[in-house]
Amino acid sequence: MYNPSSLKAEEFICHEEIMSTLDFAHQHKNDAALIDEIISKAKECKGLSHREALVLLDCDIPEKNQEIFKLAEDIKKQFYGNRIVLFAPLYLSNYCVNGCLYCPYHAKNKHILRKKLTQDEIRQEVIALQDMGHKRLAIEAGEDPVNNPIEYILESIKTIYSIKHKNGAIRRVNVNIAATSVENYRKLKEAGIGTYILFQETYHKESYEKLHPSGPKHNYAYHTEAMDRAMDGGIDDVGLGVLFGLETYRYELAGLLMHAEHLEAVHGVGPHTISVPRVKHADDIDPSAFDNGIDDDVFAKIIAVIRLSVPYTGMIISTRETPQCREKVIHYGISQISGGSKTSVGGYAVPEDEELKSEQFDVSDHRTLDEVVNWLMKLGYVPSFCTACYREGRTGDRFMALCKNKQIHNCCLPNALMTLKEYLMDYASPDIKKVGESLIQSELNHISKDKVRDIVKDNLVKIENGQRDFRF
Ligand code: SF4
Ligand code: SF4
């Protein structure tokens, strides 16, 4: 029944295969020989199967667990160096016809403020985001064919890309909207989106149906097969994710990795990113109502195991997590984080009224983007505002090939330094500018090719003199 190449949700996310995987992992959690074998395979950086990953997730031997964390850090360094890409979410509308039990935007919530940004309001939000220094956005909207039809999303994307305020520009718009048709995915592709992101929420079909009692999202197969339609519509960078806390984390990780195996098997390209959100408190939502919450230690282990299983897939952590938690897990494989985020509809240009809130979840990291940039630099990371790949046509299998043979490094570091320089020139506070300038000087030495280093040095001077948007 389990068939990663099938186009049927219940065959590529096969419940029986997941249950037998969980059983196998449980039986082998103290099997040092097998765990060693899997760790050795992971060292080759070619990834792990869902079954191998689950054995590592369950591994109960402390020294082996230390090896797993250490290897996750090594693999992260090999593929992503010390760079972290920054982005912000932009909520366009919280009108939604679905009944998701974990989200305050569910249709039956009558006391949350419902809002939909006009194009003019989007303009104000984007200017505020540009003035913070952001270059990369993830747009979010509830599912509502009347209030948020695809035409509204497309018009909003066009508006976002059109705004050039001072030296600002949004250069990559990733899109997180409900599962839709091939035709609509094609329209999104034509609008120039970066990644199409859709969280599965849970891979457990029975739980999925209970958690989504009403609305189009109730249809498990339509939702689970969305990435195949997106790829048929020409979108070759897709982002997966589950909402940890809804079902058992073991089940979710197995499902998530099976989904990645399915995309590889059918389209020849694995997921571009994986997000790891956890259920959060929000208006009308009490996270303790879901009994599968995970603590920070398990969360860190999940991140490390994902890093070993899909080394070439970016991993995203949002401001749902506290600064302390972000600091704990970032080393194990995170490549992108959000900063200075608002999870309300509007709120960047004009702060929301305390009494009339429209946010999707409570943010746990309230630092400004400048503070996040400073924190990353203190931890030894290079904050990057790079958006180069999709603009250079490096998407889908082309991107993956460069990523798998680690050649993407040759672009990432130079782009990180040039976009950080833009940030320092245009938005950073004086202290942070000083720290950033010296970081750029020391990181220049890590560019291995003399010719590339010379071009970057030249471009850094041009950025000093007012030019913008250089990229490899
Ligand atoms: S999770 Fe998405 S689809 Fe579900 S209620 Fe919230 S906005 Fe709507
Ligand atoms: S060069 Fe490509 S992979 Fe590297 S940071 Fe930029 S967009 Fe991401």
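1. **Domains 2 and 3.** The centres of domain 2 and domain 3, taken over C-alpha atoms, are 28 Å apart. The model is predicted: local features need pLDDT of at least 70, side-chain atom pairs count only at pLDDT 80 or more, and totals for chains, interfaces and linings use all residues. Residues are numbered from 1 along each chain as its sequence is written, while chains are lettered from A and ligands numbered from 1 in the order in which they are written. The protein chain is assigned domain 1 (9-76), domain 2 (81-390) and domain 3 (405-464). These bounds come from an automatic or database domain assignment.

2. **The contact between them.** Domain 2 puts 16 residues into the contact, and domain 3 puts in 19 residues. Two residues are in contact if their C-beta atoms, placed from the backbone, lie within 7 Å. On the domain 2 side, α15 (369-378) and β9 (382-384) each supply at least two residues. Helix α15 gives the most to that side, with four residues. The domain 2 side holds eight nonpolar, five polar and three charged residues. Here Ala, Val, Leu, Ile, Met, Phe, Trp, Tyr, Cys and Pro count as nonpolar, Asp, Glu, Lys and Arg as charged, and the others, Gly among them, as polar.

3. **Ligand 2.** Which residues surround ligand 2? They are V85, S384, C386, T387, A388, C389, I408, C411, C412 and N415. A residue is near a molecule if its C-beta atom, placed from the backbone, lies within 6 Å of it. Domain 2 (81-390) and domain 3 (405-464) both give residues to this shell, so ligand 2 lies between them. Helices α16 (388-391) and α18 (409-426) each supply at least two residues of the shell. Helix α18 gives the most, with three residues. By class, the shell around ligand 2 has seven nonpolar, three polar and no charged residues.

4. **Ligand 1.** The shell around ligand 1 consists of C96, N98, C100, C103, Y105, H106, G142, E143, A178 and K217. Five of these residues are nonpolar, three are polar and two are charged.

5. **The whole chain.** The protein chain has 20 helices and nine strands. Helices (H or I, at least four residues) and strands (E, at least two) are DSSP runs, numbered from the N terminus. The radius of gyration of the protein chain is 21 Å, close to the 23 Å that the globule rule gives for 472 residues, so the chain is as compact as a globular protein of that length. The radius is taken over C-alpha atoms, and the rule is 2.2 Å times the number of residues to the power 0.38. Along the principal axes, the C-alpha atoms fill a box of roughly 60 × 55 × 40 Å. Among contacts in the chain between residues at least 6 apart in sequence, 77% join residues at least 24 apart.

6. **Burial and the core.** Buried residues make up 50% of the 472 residues in the protein chain. A residue is buried if 20 or more other C-beta atoms lie within 10 Å of its own, exposed if 12 or fewer, and partly exposed in between, with C-beta atoms placed from the backbone. The largest nonpolar core has 136 residues. Such a core is a set of buried Ala, Val, Leu, Ile, Met, Phe, Trp, Tyr and Cys residues joined through C-beta atoms within 7 Å. Helix α12 gives the most to this core, with nine residues. Residues with the most contacts inside the core include L56, L137 and Y196.

7. **Helix α4.** Is helix α4 (residues 50-58) mostly covered or mostly open? Mostly covered: eight of its nine residues are buried. Its buried residues pack against α2 (15-27), α3 (32-43), α5 (62-80), α12 (249-267) and α13 (296-309). L56 is one of the buried residues of α4. Not counting residues up to four places away in sequence, L56 touches I35, I38, I68, V305 and L308.

8. **D237.** D237 sits in the loop between α11 (226-232) and β5 (238-241). D237 is buried, with 24 other C-beta atoms within 10 Å. D237 and D397 are 160 residues apart in sequence, yet 9.0 Å apart in space, C-alpha to C-alpha.

9. **Two positive phi values.** K166 is not a glycine, but has a positive phi of about 50 degrees. K166 lies in the loop between α7 (150-162) and β3 (172-176). K166 counts as exposed, with 10 C-beta neighbours inside 10 Å. D469, also a residue other than glycine, has a positive phi near 65 degrees. D469 is in the segment after α20 (450-464). D469 is partly exposed, with 16 other C-beta atoms within 10 Å.
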